[in-house]
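Here is a short briefing to read alongside the model. Take a moment with the fold, and then we can go through it together.

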Amino acid sequence: MEWWYTFRDWFLGLGAAYNVNPFIFGGIYIGAIPFFFASLYWIVKNIKDKKSILVPTLLTGFFFISAYLYLIIVGQHIPVWVYLFIGVMIAYGVYSTIKKIKAKLNSNK
């Protein structure tokens with residue numbers, strides 16, 4: 001079980017090194033999930049009802065990147081590779097979300 005304490009100390013040490021509280025980051029990350037899916041549902045519903053999807057799309061994007069926004073705004077001395085990783089994660093998230101919306105729309109026809 002010593003590996004757990006080593007991992008925990010390393011992980012929590014990252015927060016101190018980059019001025020980011022890992023518990024706040026994790027709380028935002030986990031806390032945004034239900035809001036992300038609710039806004040995703042709102043997009044699909046508005047598409048079906050032929051209503052504007054601007055607001056639910058903006059909210060979906062915000063909830064998807066909210067934890068990363070915290071990291072970018074609060075973090076200090078973050079390595080460049082982290083920003084690149086965040087960019088890849090966001091690009092994949094956009095791709096995946098579009099696929100989910102299309103699949104949901106196609107399954108309800």
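Which residues does Ser39 touch, not counting residues up to four places away in sequence? In this predicted model, the answer is Pro56, Leu59, Thr60 and Phe63.

**Ser39 in its setting**
- Ser39 is part of helix α2.
- Its relative accessibility is 4%, so Ser39 counts as buried, the cut-off being under 20%.

**Helix α2**
- A kink of about 35° is found at Ile33, shortly before the proline Pro34.
- With 27 residues at 1.5 Å a residue, α2 should span 39 Å, and this agrees with the 39 Å between its end C-alpha atoms.

**The largest pocket**
- The volume of the largest pocket is about 540 Å³.
- Its lining is made up of 17 residues, and Phe11, Leu14, Phe25, Leu71 and Val82 are the closest to the pocket centre.
- Four helices each supply at least two lining residues: α1 (2-18), α2 (22-48), α3 (54-74) and α4 (80-107).
- Helix α1 gives the largest share of this lining, with 5 residues.
- Sorted by class, the lining holds 16 nonpolar residues and 1 polar residue, with no charged residues.

Terms used: Residues are numbered from 1 along each chain as its sequence is written. This is a predicted model: local features need pLDDT of at least 70, side-chain atom pairs count only at pLDDT 80 or more; totals for chains, interfaces and linings use all residues. Side-chain values use heavy atoms; hydrogens and water are left out. On a 1 Å grid over the protein atoms alone, a cavity is a set of points where a 1.4 Å probe fits but cannot get out, and a pocket is an open set with protein on both sides within 12 Å along at least five of seven lines; lining residues have an atom within 4 Å of a point. Grid points are joined across faces, edges and corners, and a volume is the space filled by probe spheres set on the points. Ala, Val, Leu, Ile, Met, Phe, Trp, Tyr, Cys and Pro count as nonpolar, Asp, Glu, Lys and Arg as charged, and the others, Gly among them, as polar. The expected span of a helix is 1.5 Å times one less than its number of residues. The bend at a residue is the angle between axes fitted to the seven residues ending there and the seven starting there. Buried means under 20% relative accessible area, exposed over 50%, partly exposed in between (1.4 Å probe, protein chains only). Contact means heavy atoms within 4.5 Å.
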